[in-house]
Each structure stands twice: as C-alpha cells, then as structure tokens.
Amino acid sequence: MGNISGHGCTKSMDDPQITSPRIKLSDGRHLAYRETGVPKSEAVYKIIIAHGFGSSKDMSFLAPQGLIEELKVYILLYDRAGYGESDPNPKRSVKSESQDIEELADQLELGPKFYLIGVSMGSYPTWSCLKYIPNRLQGVAFVAAVINYHWPFLPESLTKDDFRKNLLKFGMWFIKHMPGLLYWWMTQKLFPSANVMEKNPMFFNDRDQEVLKRTPGFELLSENKLENKSIFENLRRDFLVGMGKWEFDLLNLGNPYLENESSVHLWTGFEDRVVPVELQRFLSSKLPWIKYHEVPHGGHLIVYDSDVCAAILRSLLLDEEQAPYIPNLSTPVS
C-alpha cells in the first residue's frame, strides 16, 4: 500500500531530502510517518507502531501479508521525535511521547480508538499512552520491552548481580556529564565502539545474530550516522528520558479494560540478553492484567520473526491464545 495523504499532512518544501509525508503538531514540530497494510478506508483494525532506539518508521514488522489482508489491518509507523524525518523535541518527556501519538492518530483520522504496539525502547511511549490516554487505546502489545532500572518496585534480589544495571548506571552518568567525550568515542575510528553492541553475543543470541546478518539493525548507531551531532543528541535525549526517572509508577496503572473488552500483552524472548526474562516475568506478576507471552529460543529481535508477528496480531486483535508462546514459568532461567 502506498502512502496515503491525510488531514494536516505535509511534505517539506524547505528540505528536499525529506520525502515522507509528515504532520505538523500543535507545537510546530513535524512527525514523519509510513503507512502499510490495507488502505485505511478498508481497515477493520488500525495499529500504530512505536519503534525502538536507533530505529525508525522503516523498521520491519514481519507479519505475513496474507494475514494482514485477511484481518484487514492498517499499520501506521512513524519516526519518533528527532528520528528519521521527524523534527526533534527539545522538551522531550515521557508524557510528550503519548501526546505525539495522540496528535498523529487525530490528524490521520484513525478514529476514537486505535491499537498500539511498542517495540523495545518504543515501550516507554507505550507506557506513557497507558498512563495519559488509556481511553484512546483499543488494545496494546509490548514487544521486547525495555526495563527501566529506576523503577522503584524492581527487587534488589533480581537486579544486584545484573551487569546491565551497572552498565546503564555508568552510561547514564556518562551521557549526562560527559556528552562531548562520549561523542568522540562513538565517532572515532581507532577502536570499535558504536557497532560493538550490534555484534556482541553478550547482548544478542544466535537467532538475533542471524537477524543482524540480513537486516540493517540499529541503522542510526553506525559511526557515519553518529557523526551528525543532531542524531547523536537526539539518541542521547531519548535514552535519558526513557531510562531516567519517570513522573509515575507503573504499579499505579490500572487495567484499562475492566470489562475484558480488550487486553494488554507483553511479549519477550526467553533468551533475550538485552532485557532479562526474569525481570519481564516479575513485571507481569506485578501487573497481572497484562497477558504475558514468551518466545522459546527468542532473543531481543523477536519482531523480525514472521511467526511471532503473526501470533502478536492474533492475540492482540482476536484474543487468540498462541500455544507455543504460553510461558512455562517453571523453566529455569540460566
């Protein structure tokens, strides 16, 4: 399906490099977007996808085309503030992410409610929507959602020996207090830096490694992209907001579907090395109204698995339980 112009949509007349349709937000910024699936006018289900860190609206969501057509699914992907062809938000906050999504839905006339899928770092805009605009959400799915170690309810018993916690703590300090040195390190040529995480088996299991061989991965984390200081600064700000202290506690969120008219889902890979499965299991136990799914042998990049994407759609849209992904909580985590 080609791009469809909607109410309030523009293309930049000032920057010829911007080719995607964009909307103009109430604060004057622009958000770029991409539409796929069936035409909006024919859709039964309308879904917005929030991409992760270093990604863009051009990310892949590999649900089979036949299923998308069968269910009549329209999918709207957008560049979050500062990514791709969207303007940066110097006042970015957790709340501003949900405001952007709501304005996007309104200007593209998705109707009073829409489905939302948050992928990896795109989970914090999704939590923001559950906090600030739950009445707009027809259903929600988190896919390989990031964990924020500032969340006060995370038990010390699960995090004290987690190397990711210390790594993030060090990274947060570095990003806040020495951004210039970090910029030099990420763009210098003498030692590998920016692309280390993308190839590192510490963070990605065998399936993830296979995905990274055939996809661009985190395209904005390449050295040539990071040399653009505006890209570097946007990534820095996104990380600080998403991994910083939030203005609300997840445990104070209520189930937005008290009549079981829809549901919220959390999908994780059992072998995810970016976000440990133990913390996802704990989170789901504290928010029992969220339906929890585990992908056996799945890593952090489960969104690149066609079968998983099909299961995500069937569970989110049709409330079908997918047997292969029912978690066996007795399975020990190595």
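This is a predicted model: local features need pLDDT of at least 70, side-chain atom pairs count only at pLDDT 80 or more; totals for chains, interfaces and linings use all residues.
The chain holds twelve helices and nine strands. It has 334 residues, and 55% of them count as buried. The accessible surface is about 15,400 Å². Carbon and sulfur atoms contribute 54% of that area.

Turn to strand S8, residues 264-269. Six of its six residues are buried, so the strand is largely enclosed by the rest of the structure. In a regular strand, side chains alternate between the two faces of the sheet. In S8, Val-264, Leu-266 and Thr-268 point one way. His-265, Trp-267 and Gly-269 point the other way.

Now look at the neighbours of S8. Strand S7, residues 137-143, pairs with S8 in the parallel sense over four bridges. Here Phe-142 stands opposite Leu-266. Strand S9, residues 290-295, also runs parallel to S8, joined by six bridges. Val-264 has Ile-290 in S9 as its bridge partner.

The whole structure contains ten aromatic pairs. One of them is Trp-151 with Phe-153, a stacked pair with 5.7 Å centre to centre and 15 degrees between the planes. Trp-151 has 6% relative accessibility, so it counts as buried. Phe-153 is buried too, with a relative accessible area of 12%.

Definitions and conventions:
Residues are numbered from 1 along each chain as its sequence is written. Side-chain values use heavy atoms; hydrogens and water are left out. Helices (H or I, at least four residues) and strands (E, at least two) are DSSP runs, numbered from the N terminus. Buried means under 20% relative accessible area, exposed over 50%, partly exposed in between (1.4 Å probe, protein chains only). Accessible areas come from the Shrake-Rupley method with a 1.4 Å probe; for residues, only the protein chains shown count as cover. Rings of Phe, Tyr and Trp (its six-membered ring) pair if their centres lie within 6.5 Å; planes under 30 degrees apart count as stacked, over 60 as edge-to-face and the rest as tilted. Two strands pair if DSSP finds at least two bridges between them.
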